[in-house]
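Hi everyone, thanks for making time this morning. I'd like to walk you through one model, so please have the viewer open.

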Amino acid sequence: MRLPRRPRLLVPVVIALAAIVVLFFIFTAIFTDFLWYKSVDFSSVFSTMLLTQILLFVVGAALMVGIVGGNTVLAHRMRPMFGPGMFGSPQGADRYRLAVDPHRKLFFFVGLGVLGLFTGSSTAGQWKTWLLFVNATPFGKKDDLFHQDVSFFMFTVPFLRTVLNFLFTAVVLSIVIAAIVHYLYGGFRIQSPGGVHASRAARVHLSALLGVFVLLKAIAYWLDRYDLVFSSRGIVHGASYTDVNAVLPAKGILAVIALICALIFFAGVIRPGGMWPGAAFGLMVLSAILIGSVYPLLVEQFQVRPNQQGKEQTAISRNIHATRDAYGVAEAKVETYDAQATPQKGMSADETVSGVRLLDPTLVSKTFQQKQRIRGFYDFPEQLDVDRYKDADGVVRDHVVAVREMTGPPSERDNWINRHLVYTHGYGFVAAPGSEVDSEGLPNFDAKDMPVSGSLVPSAGLEEPRIYFGEKTDDYAIVGGKKALELDYPIDGKAGQENTSYQENTSYAGKGGVPVGSFFNRLLYAAKYGEINMLLSGDIDDRSRIIYDRTPIQRVAKVAPFLNLDSDPYPAIVNGRVVWIVDAYTTANEYPFSQSKSFSDMIRDTSTNPGLGAPQPLDQINYIRNSVKAVVDAYDGSVTLYEWDTQDPLLKSWEKAFPGIIKPKDSIDPELQQHLRYPEDLFKVQRDVLSRYHITDAQSFYGGQDFWNVPDDPSSGEKNVRQPPYYLSVKMPGAEKSSFSLTTTFVPRQNPNLAAFMAVDATAGDGYGKLRILRMTANTTIMGPGQVQNVFTNKFSGELNILGLGKAQIIYGNLLTLPFGGGLVYIEPVYVQTAAGAGQEPYPILRRVLVMFGNRVGSADTLQEALNQVFGTAEQPAKSENKPGDKPGDRPGDKSTVDPGLTGVIEKAQAAYDEAQKALNGNPPDWGKYGEAQKRLSDALKELAELQRDKPAATPSPTPSGAAPAPSASPSASASAAAMGAPASP
């Protein structure tokens, strides 16, 4: 039954329309990408990538279609001339042929089209391998086994492996499809009895294809020899003793055998038939088993394992040398540091220690939010950043910094216009010195408010305080129209209208974004985002621009897709503008003999979860350089890439592939250079490597007794979560002055004591990148971070528990370690997070500072007071446990040593606090009783302060009022914990 004319025409029309729609969306994706790259002046990156991928797609698809299609056609033309049933009754192949033959051209062309599409896509995905191969730059260093330049392994071997895999795929597919065609058209038949009957043409064709396959296998065996420099057979990566003395010669022998077998198969083309092809195949399999597997296994079992330390010494030495070089730690200086356990007489803390950063950038984010958010639709990141700025006196100090970013409209006003046309940008830069707080324990902001003000801000103000591109700007915005629709910042009402709030509006005037004034561009972006409002809205005019891919990491990743990016971009004020600084890395996993590791695993700690960040081009690495510093303007989104490592051959290769996109190092603006710092992720990678590779002797490395671990973060309370490194101004032993540094500690494996302290000069200048490791002597036991945290917790738990009365929460800040006075000083801020009030979120307030040097500890409201306790005469050793023979009362926390007068005052303070809480929690609250209880609490605190002044040897303690919801309860007084039933500080 034939279909009517209209239904028969409807099918091709529907298919054509579907194809047009698909092609339109493909065009939309490509063309909008082009418009984006054009808007940031990186069109050359887009064109290079696109043309390279098109070239590889076409070449890969054409070669695969040519090889497989040619062999398919050849097999069809070689079919014997007979009809169905020539060998008797029709067999299964005859039935299949009769079903397929009428549609063979359709199957042929559709199959080759699908094959070409998949092959071309796969080949296009190798554009980075191709560009590095054709733009390879020599390293000037040779490996220790083959004496080839490192670039051969980095650039040439990966390309040859890609080509070989492509050819293997093409030949295998050709063999399979040719065999199917020969079977369908009678080239060979499976008969019983008699086995397989094949025509001469089929034997010749398949013998030739099998010969090519075996020839490729011979080449693969030869290329496998070079892959031994990445072998993981031994205890370290690189060619082990077995690899060098068994696998390497075995691969050479197998290559020769495979070449001989290939010749045998080719001989079958001239003289088909006989047993030679079968014998060649058997020889290949047998030699691969005996020579390729059994022989190396015997060498490993009977020569290496009984004498592994001696046999693997050369391999370990090569691995140590290559790994230290590949990760940039070859020049790391390890120094023996005989840390003192007791402060020297007359020692006092200098400005390096007394000015250390106390604000924890992880914790004070909530404080920034509470004090500087201004409105609920603004926010700060959970992890703030650390940078350096001059204070009002012109002294460079560590600062905790952030920008105020837009999170979107309030939920009750969340619609398309507000989300994309009104609430478009954040506003302002917020900063506070890291070493000080105000009288209430809050950051002492020197850049704050809207408009931005403070001593850190230039007198003329910021040239452009608006933040259109930031870490939280993950959605598109349409900006810059003739109407000033965009919320700029809220302002208070005029005189007589103090209870009324207004807002300043603005219209974007920057160069960032793609113009969407034309109907064509609006149509493309309406299709891209599936949003019809872009076509219908009257608020979009010929001045409007769409900005998207707005986070700093997104923008740098698009303009430099060959770079790994640091997980922590940070804002800075440069020449009156807010910019984002992003550290970028060239990475590889083909450096010979270097240890391969997971980048994400190495940088994971309490401050960094790689799974939440942008995906990296390469995770498994054995080579890394901080080759590029990227800058993203927070207002116009412009991206600038600066060369940083001028000696990196990998970067030079990429610069050849993408000429002109990376500016030379000497073009970096001096003010920008003041804010460049040693990248955190690189330091994490290097500390992970140096936890083992600080050992340069092969025998000691094999033993592993001196391997280190990065300690768990003691302030987090979680196990198997590493402590992050900290940016601090540190004065290293022998240095004339302190420098902005990135620091970390190590502990021995299976031991909580401190093994070493490591710092790198993070300030751009002559000393930048200098790694120094202070290694503790074996005869001195210095507490590690976990032990120090236990001492702090046990010794001052009573005092801190008083701070946490009621619903307040005690939070430990970052435990900092600094070399000082021939020893190491630990400093930890303690925060109190008050209970949430009506309409108010809880936020941490700095209430206490804990200090430890050797066996002396201190606790006070300020860092200077705590340092005075440690380096003065008031403090006793930290060890508080009873010794054998001690009498009751000898223990520092024993209640028999507590002053009864002090106990009575603490009891009065506690009773007043309890009454205040009871009055406050009433329904309704009894504000009269609450005020009376607060007054009694204040009187008790004053009495406590007087008692403490009369007892200079006692460690000051915080007060119960730290947890009180009323600001009238000052934390300035101190109390002992003994009366509360907790160990008192001596």
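**A walk through the model**

Let me start at one side chain: K558 is buried, with a relative accessible area of 18%. Buried here means under 20% relative accessible area, exposed means over 50%, and partly exposed is in between, with a 1.4 Å probe and protein chains only. K558 forms a salt bridge with D549, and the closest N and O atoms are 3.0 Å apart. By salt bridge I mean a side-chain nitrogen of Lys or Arg within 4 Å of a carboxyl oxygen of Asp or Glu.

Some ground rules before we go on. This is a predicted model, so local features need pLDDT of at least 70 and side-chain atom pairs count only at pLDDT 80 or more, while totals for chains, interfaces and linings use all residues. Residues are numbered from 1 along each chain as its sequence is written, and side-chain values use heavy atoms, with hydrogens and water left out.

How confident is the predictor? pLDDT is its confidence in each residue, from 0 to 100. The protein chain averages a pLDDT of 84, and 83% of the residues score at least 70. There are stretches to treat with care, including residues 83–87, where pLDDT stays under 50 and the model has 11 contacts beyond four places in sequence. Contact, by the way, means heavy atoms within 4.5 Å. Over residues 874–898 pLDDT also stays under 50, and there the model has 39 such contacts beyond four places in sequence. Where pLDDT is low, the predicted coordinates should not be read in detail.

Now the overall picture. The protein chain holds 26 helices and 33 strands; these are DSSP runs numbered from the N terminus, helices being H or I with at least four residues and strands E with at least two. Of the 986 residues, 52% are buried. Taking contacts between residues at least 6 apart in sequence, 68% join residues at least 24 apart. The accessible surface comes to about 44600 Å², and 56% of it belongs to carbon and sulfur atoms. Accessible areas come from the Shrake-Rupley method with a 1.4 Å probe, and for residues only the protein chains shown count as cover.

Back to the charges. The whole structure has 31 salt bridges. In one of them, the side chains of K482 and D542 meet at 3.5 Å, N to O. That pair links distant parts of the chain, 60 residues apart: K482 sits in the loop between β11 (477–479) and β12 (486–492), and D542 in the loop between α16 and β15. Both K482 and D542 are exposed. Then there is D645 with R625, where the closest N and O atoms are 4.0 Å apart. D645 lies in the loop between β22 (639–643) and α19 (649–657), and R625 in strand β21, 20 residues apart. R625 is buried, at a relative accessible area of 16%. Finally, R161, D224, D227 and K251 are linked in a network of salt bridges.

Which helix should you zoom in on next? In α11, 10 of the 14 residues are buried, so the helix is largely enclosed by the rest of the structure. Those buried residues pack against α8 (241–270), β21 (623–633), α21 (680–693) and α22 (698–703). Just after α11, G328 takes a positive phi of about 70 degrees.

Most residues other than glycine have a negative phi, and most peptide bonds are trans. H147 has a positive phi, near 60 degrees, and is exposed at 53% relative accessibility. Its place is the loop between α5 (127–134) and α6 (150–184). N575 also has a positive phi, near 55 degrees, in the loop between β17 (570–574) and β18 (577–588). And M450 and P451 are joined by a cis peptide bond, with omega about -10 degrees; P451 lies in the loop between β9 (429–433) and β10 (466–467).

Conventions
pLDDT is the predictor's confidence in each residue, from 0 to 100.
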